[in-house]
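Please look over the protein chain shown here before reading the notes. The notes are grouped by topic.

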Amino acid sequence: ERRDEKFKEVVSESVKQRRAQGDAAKALARKIGGLEKELAEAHAAQAEQQEAYAALEAAKAELEATREATQQKLADTTSELEAVRETVAALEKEIATLRDANATEKASCSALEAAKATPSLRLSWKLPKGS
């Protein structure tokens, strides 16, 4: 009987240990499942961050291209503006020359009018007969 009791105790203890091991294995499996889920979430977050970084890099490249195009446009516009300034200066010079010529022509006309009004020169302005 003592043996049977001892056997029952050993079996009972073995069953308890197996149950405890089973419970521990289940808890460990749950813990592993939770860690795997966290790892998957971390991978997903990392992938999102990489996508966001790639989008930022693309935006940065686009901004750089826009900046370069803007600088080129500014350089072109500056060159065009300088050409316009040169044209304006040339036109102002031509206008001054024309004003001088106009003033000279007016002075010549005034001199001619004065000469025509002078009695001694009046005859020289008459057309010859038969013309």
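Predicted model: local features only at pLDDT ≥ 70, side-chain atom pairs only at ≥ 80, totals over all residues.

Residues are numbered from 1 along each chain as its sequence is written, and side-chain values use heavy atoms, with hydrogens and water left out.

**Overall form**

- The protein chain has two helices and zero strands (helices are DSSP runs of H or I with at least four residues, strands are runs of E with at least two, and both are numbered from the N terminus).
- The radius of gyration of the protein chain is 54 Å, well over the 14 Å that the globule rule gives for 131 residues, so the chain is more spread out than a compact globule. This radius is taken over C-alpha atoms, and the globule rule is 2.2 Å times the number of residues to the power 0.38.
- Along the principal axes, the C-alpha atoms of the protein chain fill a box of roughly 175 × 25 × 15 Å.
- Of the 131 residues in the protein chain, 1% are buried (buried means under 20% relative accessible area, exposed means over 50%, and partly exposed lies in between, with a 1.4 Å probe and protein chains only).
- The protein chain exposes about 12200 Å², and carbon and sulfur atoms supply 59% of this area. Accessible areas come from the Shrake-Rupley method with a 1.4 Å probe; for residues, only the protein chains shown count as cover.

**Charges and salt bridges**

- The protein chain carries 22 positive and 24 negative side chains, and the centres of the two sets lie 3 Å apart. Lys and Arg count as positive and Asp and Glu as negative, while His and the chain ends are not counted. The place of a charge is taken as NZ of Lys, CZ of Arg, CG of Asp or CD of Glu.
- Side chains of opposite charge can pair when their charged atoms come close.
- The structure holds two salt bridges (a side-chain nitrogen of Lys or Arg within 4 Å of a carboxyl oxygen of Asp or Glu).
- Glutamate 64 is partly exposed at 32% relative accessibility, and arginine 67 is partly exposed at 39%.
- Glutamate 82 forms a salt bridge with arginine 85, and here the closest N and O atoms are 3.9 Å apart. Both lie in helix H1, three residues apart, about one turn of the helix. Glutamate 82 is partly exposed at 38% relative accessibility.

**Surface patches**

- Patches are made of residues with over 30% relative accessible area and no salt bridge; like charges are joined within 9 Å, and nonpolar side chains (Val, Leu, Ile, Met, Phe, Trp, Tyr) within 5 Å.
- A patch of negative charge on the surface gathers Glu1, Asp4, Glu5, Glu9 and Glu13. Aspartate 4 lies in helix H1, which covers residues 2-117.
- Phe7, Val11 and Val15 make a nonpolar surface patch of about 250 Å². Valine 11 is in helix H1 and is partly exposed at 36% relative accessibility.

**Distances along the chain**

- Serine 12 is in helix H1 and is partly exposed at 34% relative accessibility. Serine 12 and alanine 58 are 46 residues apart in sequence and 68 Å apart in space, C-alpha to C-alpha.
- Arginine 30 is in helix H1 and is exposed, with a relative accessible area of 59%. From C-alpha to C-alpha, arginine 30 and threonine 97 are 99 Å apart in space, and they are 67 residues apart in sequence.
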